[in-house]
Amino acid sequence: QVQLVESGGGSVQAGGSLTLSCAASGFSVATHCMGWFRQAPGKEREGLAGIDNDGRTTYADSVKERFTISQDKAKNTLYLQMNSLKPEDTATYYCAAALIAGPRCNLRIRGYYDMDYWGKGTPVTISS
C-alpha cells in the first residue's frame with residue numbers, strides 16, 4: 001500500500017529556512033517520479049519541484065534558486081529544502097508520487113497530468 005507522510009512544516013519569519021520531509025512506503029522514491037506541491041487558501045495547487053528516477057530535477061520559476069528537492073534512498077524519503085522564505089510561500093505543502101519513470105515526470109509536476117498518490121500535507125506559514 002502506497003503511503004506518503006509529510007513533516008517539517010511550521011511557522012518562520014521571512015528570510016528563514018525550513019526543510020520538509022516526505023516518508024514513503026509501499027514503493028521506492030528513487031525509481032519513480034516524486035514532487036512537491038503547495039496550495040494556498042483561495043489559490044490553485046502549484047507544482048514546485050520534481051525529481052525523476054534518473055535524478056533530473058525541475059523547479060517552478062517561483063521557487064527556483066530558493067528551494068532544493070532531494071531524496072535519501074536508504075530512508076526512502078523525499079526532502080524539500082526551502083531558503084529565503086517569503087510571506088507568499090505560506091501554504092499547505094504536499095508530497096506526491098507518480099509511478100512512472102523518465103522525463104515525463106516534468107509534465108506531472110507542471111500539471112499536464114495528475115500525480116498518482118498524495119500525502120495529507122503539512123502547513124507552512126511565513127510571517128513578515
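This is a predicted model: local features need pLDDT of at least 70, side-chain atom pairs count only at pLDDT 80 or more; totals for chains, interfaces and linings use all residues.
Residues are numbered from 1 along each chain as its sequence is written, and side-chain values use heavy atoms, with hydrogens and water left out.

The protein contains one helix and eleven strands; helices (H or I, at least four residues) and strands (E, at least two) are DSSP runs numbered from the N terminus. Read from the N terminus, the order of elements is β-β-β-β-β-β-β-β-β-α-β-β. The radius of gyration is 13 Å, close to the 14 Å that the globule rule gives for 128 residues, so the protein is as compact as a globular protein of that length. Here the radius is taken over C-alpha atoms, and the globule rule is 2.2 Å times the number of residues to the power 0.38. Along the principal axes, the C-alpha atoms occupy a box of roughly 40 × 30 × 25 Å.

Of the 128 residues, 44% are buried. A residue is termed buried under 20% relative accessible area, exposed over 50%, and partly exposed in between (1.4 Å probe, protein chains only). The accessible surface amounts to about 6,600 Å², and carbon and sulfur atoms account for 46% of this area. Among contacts (heavy atoms within 4.5 Å) between residues at least 6 apart in sequence, 61% join residues at least 24 apart.

The protein carries 13 positive and 12 negative side chains, and the centres of the two sets lie 1 Å apart. Lys and Arg were counted as positive and Asp and Glu as negative, without His and the chain ends. Each charge was placed at NZ of Lys, CZ of Arg, CG of Asp or CD of Glu.

Two disulfides are present, a disulfide being a pair of cysteine sulfur atoms within 2.5 Å. With bonded cysteines counted along the chain, the pattern is 1-3, 2-4. The link of Cys22 and Cys95 is left-handed, with -70 degrees about the S-S bond. Both Cys22 and Cys95 are buried.

A disulfide is also formed by Cys33 and Cys105, whose sulfur atoms are 2.1 Å apart. This pair links distant parts of the chain, with Cys33 in strand E4 (residues 33-39) and Cys105 in helix H1 (residues 105-109), 72 residues apart. The torsion about the S-S bond of Cys33 and Cys105 is about 70 degrees, so this disulfide is right-handed. Cys33 and Cys105 are both buried.

Several loop residues were examined individually. The loop between strand E6 (57-59) and strand E7 (67-72) includes Arg66, and Glu65 and Ala60 lie in the loop between E6 and E7. Arg66 has a relative accessibility of 10% and counts as buried. Beyond its neighbours within four places in sequence, Arg66 is in contact with Gln81, Met82, Asn83, Ser84, Leu85, Lys86 and Asp89. Glu65 counts as exposed, at 78% relative accessibility. Phi of Glu65 is near 75 degrees, a positive value in a residue other than glycine.

Ala60 has a relative accessible area of 15% and is buried. Apart from neighbours within four places in sequence, Ala60 is in contact with Glu46, Gly47 and Leu48. Between Ala60 and Ala74, 14 residues apart in sequence, the C-alpha to C-alpha distance is 27 Å.

Asn76 is located in the loop between E7 and strand E8 (77-82). Phi of Asn76 is near 50 degrees, a positive value in a residue other than glycine. The relative accessible area of Asn76 is 15%, and Asn76 is buried.

Gly26 lies in the loop between E3 and E4. With a relative accessible area of 58%, Gly26 is exposed. Gly26 touches Gln1 and Val2 when residues up to four places away in sequence are not counted. The C-alpha atoms of Gly26 and Thr92 are separated by 24 Å, the two residues being 66 residues apart along the chain.

Technical notes
Accessible areas come from the Shrake-Rupley method with a 1.4 Å probe; for residues, only the protein chains shown count as cover.
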